[in-house]
Amino acid sequence: MEAYPSEYLCHNLPLMLVRGLISTESPPSVLNASKSDSPIGLPIVDDSFPNGAELLKAFTEGAEGGIWEPSAVKTDRKTQAPVFRVLAVGKDYQLPAKKASPLSPVSVSSFSSSGQKSPSVHSPLSPLSPESPLFPDGIISQFWLRKYRNLLPAVFVSFHEISTESEGAKSKDNDLVKELNDLKKQFSERNIKFVAVVVSQKSILQSIDLNDRISYLRKNTGLDAKSGLFFLPPYSAIEIQAFAKELKQALYPFALDFYSILLKHARRKRGRNGGSQSPPLPNGQLSAAGWNIRYEFKQAAFAEYRQEQDVAIKLYGIAYESLLDHFHSIPIDSPRWNEARMLLDSVAFKILKCNLYQCQPVMAQKVFNVHIESVTALVERNFSSKDTYSYFAWKAQQYWLLAQLLDLVPEDISPRSVPFTGVNSTVVGPDFPSANVLHHSGFQYLCAARLTIERSRRATAKSLSGPIDSYLVPSRENEQNFDHTRLVLSLMETAYTRFSNVDGSQTRMQAHIAHEIAQIHFKEGNYVDALKYFHLAESGYRREKWYNVLGSMISEAIVSARKCGDNFELVKLQLESLSKEFAPWNSGVKNISEFLVGSEVAGAEPVYSVDSDSIVSFVDAHFAFMAAEAHLATTVVGQLTLRSQHTPAVAAIRISSLQLNFIGGMKPIVITHDDILPGSRAQKLEILDITGEVSNSKANLVFQPGEVRTFEISLPIKTLGTFTASSLTVTFDEKSFTAKLEVQLASVPFDEALSKWWIEDGGKLYSQRLTSSLPRSIKIIPKQPHVDIISGLKGPAYIGEQLAIPLTITSREEEDLKLSVRVDVQNVEGQFNVPITWIGSDSSSDVIELGTVRPSSSVESKFSISMPASVCDLVVDVTVTYQLLSEPEIAITKSHTIDLPVIFPFQVSYDLTPRIYPHRWPSPFFVYDFESHSPPITKRWCLSAVIEAVDFQNLEVRDYDFGLSNVVGVRCDLLDDKPKALPRESASSDAYRYNFIIDVTNNDATEKRIATADAQLRLSWRRTNMGSDSNEMVDNSFTLPTLKLTFPLLEPRVLMDVESTSSEKVHLVYFIENATSHLLTFSVTLDLNNDMSLSYPIRHQMRQQSYLKDFDEHDHASVQEKIPLQHANFAYEGAKQVGVRVLPYTARRLDYDLLPLAVTSGWQRVPALRVYDTHFKKSLSVFPASEKFRVDFKTGAVYVNISSLS
């Protein structure tokens, strides 16, 4: 880009000049006027303005106005922030002259009110001004662009400080008003927006009259608060950013108006100039066509200032076409020829860049192609030939310029990953020639480098006739002395860097460019750099298998390595050249030593290790195991197949040793060359030493070109794991050094000739296909155990139990073994572990040593488990580990799993029924306690517990313990005079039944309707199936969940009992209890014929279903023996209907004698007694208070056995 003035290439942004922030010199003016006036009014802010540099940075941030301007990319104009090119000027700044003699600065103040005019009526840069560099026939120059880019602003911002001292404030304000009015007048004459920023060291709150003074300034200067005069009090860093942003936002429309006025002015001049086909003017003045080009260019530039890229493209295009036609009127030997050429290049560059701003890379490439073709035709038409160094220099410059531009363009506009399609390809898509694909900058740098090479060739050519185009190039003599090679290398290296930054899809081009760079360095004798780029190119050529190109390059790389003294690269390249792929380049060599000559160093023999993946290796290797799995302590068989594809120029090569390396812990296998051994096609190797760090063997390792050999190896395995053959180290021991070739078996491509298993039969070899997906890997699994594990567990386990489990381990090995047992117990989910205890051993761990076991003999052990207190499923893992005495280093294991469910041992159901209290209640007329108003009333209850064992045959209940706790409001007395032996409910039943009699006495001073208590039953039990040894029969404890009991205290109740039954008479007794302080009146009726049964009370059958998985819901009758129930009519003796009054805290007794009329034996249904409370209007329930009754819970009927009692 250095060949072009920056004004021709940089993007045009609205210019804002800022004065008064920092002490600086103004931009140098290129318009050196012949007369000078006083500069614009001096700034009032002195050089010590606080934070001036920080404020200027806030103004200049966001846009540079360079070659590429990111803010100019096509976006939504409404959301786009305004962007200015901001420059700081000093006190000596002067506006460029408007109408003055060329090259003379004139102050705006020179246009005084006297009415005098400038001696020249033309612009200093006009072709009509005699002293202008364009006089008389120039079109336009960079000085005009520099004028609007650096000197003539659209907005001028001047900072002034207002004094905060009260003394003389009025006089200072008047001086400031006069100064601002003078500046405003001067800039308004040029349509430049003038803005004043008044800075104060105090805020309005600190200086009361400051607001009035600012208003006075605005009123007397005519500068409004929105866009003319701004006030800036003391500020912070954030406020600086906000102020700069708001100021630019407010001034941006004025800047656009400024360039709109200039654009319209240029358009009017273009219209007055007339057609472009007017005849040439006398005295060599600029023709009308030239003036039209000038005005079209100005319009396009002003449109670019307004950021109207689409308008600029159109106007620049018109100027470009007109300028091409204008070349017919410019002599090729005139200086105007080169000026027009430079203008043509800059206009084409502007059009290309504006298309990129519009996100149209295809159109940008079309513009570039059209420009190249147009200039090529122009050169061919005006010069003898385009085959000159100047033409190729210009063309290389265009590609270089485009490449530098594309380095700045974002990837979303010009993608870096677009593949190169070639300019001669047919079509990429419909109506889309591949020549119009805009490639990334790497391709452009590459084209520039190749064109520079052509330029160098043309510069040294002797047959040059006719005029030579001197545009952008030195003379022929200086061109021949120009360092073209340095320029080509710079362009090539930059192109390689750009290709390397792509996503990896253009590696072939990287290799090709690196090869070209290496060849240039090689020809220049820069062997270090040549070897560097040879190395970069080799990897790409190897990957693509371009051996023809790689072979010649290796020959040059070997020379470079030898010249540099890089012995490693020399050995590496010479080993690679041994491959048969490079036979045409090494046909004169007879043995391997000649290949490796030149690598000697003084002193100790060096060792060079070369990875086969980094070269084209002449050694191919394959390893396979016979089986994918093998047991421990067995012998595994593997085959190593080796092929040497060295060049036929070497008759045979001798490999000093082979080392096969494994992953997983297997020792490497080293095969050493031995000339005595035969070199047969297939060899079975004998492992000579397996005790060291490696396993050693010997074989004949002399290979002919293309020879394939198979080495079969048998190894004893004494380690568990998975072993994989990873690499093969091929060693060549030469006189002065050792070379090692590392062959990575995982990266060796599949070869049908090698990937086989070879079998020798009758002196002949046969191949067999390998079935394993990874034949070079083998898994060593434990040796098959020959022991049997038998557990003596019987039935499930029960919660809280101390369970002993016997183990019997029988050996089926043919020799003695040393054995140990490990037991792990945990729940199925693995949430917790359960500890164990070995019975008969002092071992506190989970492992017990059982010593030596003879063949076909057994050993026994026993462990106990403390079961959890909740239902769960346990898994018992028994692991037996043993070693044969002949192989103590090999451990053999066998596992045995026991699924152990833990359940409840018993299921219990409860029934709470009332009973008749045998004693009289205390008299209500006697005072027992001065604090209590009622006597202590006792009610009797019976809690029946029916206990069923899950496994009744093997579980025995030994004892029980029953108690009450958390009794509230009453006294509970438990009557337990019977022995603690739980009786069976009946001879044929598997259930235990026991009745607990509870007397509940209300001894509280306050009356309570109910009382509560917690009942707890604990059972002591043992297993009966653990053998006859009393030590194995352990008593266990099972505590049932707490039972919540509720006792009604004040509710009246009716209890029924039978004192005697016979075939002749049944004597029934009814008790009506009144535990309240009220006198109750009841209507009592005995119903003989009605089918309605007694209303049996709500029963307290509290079954523990939460811990009984298989206990279905059933009533109390399901556990009673099945008996036939009959209906019979009775005659009776007693009151059929009577009214009964019951005093408070008393009980009334009613007696009835029933005479059976039809049936004289068996269970007979008794008549229903109805008790009705006449005051509270409710019926009382009748409760059977004896076990002599049976109740049908489906119908509520009560039955009595009339023959059971006498």
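Helices here are DSSP runs of H or I with at least four residues, strands are runs of E with at least two, and both are numbered from the N terminus. This is a predicted model, where local features need pLDDT of at least 70, side-chain atom pairs count only at pLDDT 80 or more, and totals for chains, interfaces and linings use all residues. Residues are numbered from 1 along each chain as its sequence is written, and side-chain values use heavy atoms, with hydrogens and water left out.

**Salt bridges**
- A salt bridge is a side-chain nitrogen of Lys or Arg within 4 Å of a carboxyl oxygen of Asp or Glu.
- The whole structure holds 38 salt bridges.
- E339 pairs with R336, with 2.8 Å between the closest N and O atoms.
- E339 and R336 lie three residues apart in helix α9 (residues 335–357), so about one helical turn separates them.
- An α-helix has 3.6 residues a turn, so residues three or four places apart point the same way.
- Buried means under 20% relative accessible area, exposed means over 50%, and partly exposed is in between (1.4 Å probe, protein chains only).
- R336 is buried at 13% relative accessibility, whereas E339 is partly exposed at 33%.
- D973 and R971 form a salt bridge at 3.3 Å, N to O.
- D973 is partly exposed at 28% relative accessibility, and R971 is partly exposed at 38%.
- D1151 and R1149 form a salt bridge at 2.9 Å, N to O.
- D1151 is partly exposed at 36% relative accessibility, and R1149 is partly exposed at 38%.
- Salt bridges also link D387, E454, R457 and R458 in a network.

**Helix α16**
- Helix α16 covers residues 527–544, 18 residues in total.
- Its first and last C-alpha atoms are 25 Å apart, close to the expected 26 Å (1.5 Å times one less than the number of residues).
- Buried residues of α16 include Y533, F534, E538, Y541 and R542.
- The cover over the buried residues of α16 includes α14 (484–500), α15 (507–524), α17 (547–564) and α18 (567–576), where contact means heavy atoms within 4.5 Å.

**A four-stranded sheet**
- Four strands form an open sheet in the order β44-β41-β47-β48, with antiparallel pairing.
- Two strands pair if DSSP finds at least two bridges between them.
- The edge strands, β44 (1137–1142) and β48 (1178–1180), each pair on one side only.
- Strand β41 (residues 1080–1087) runs antiparallel to β44, and six bridges join them.
- F1082 stands opposite V1140 in β44.
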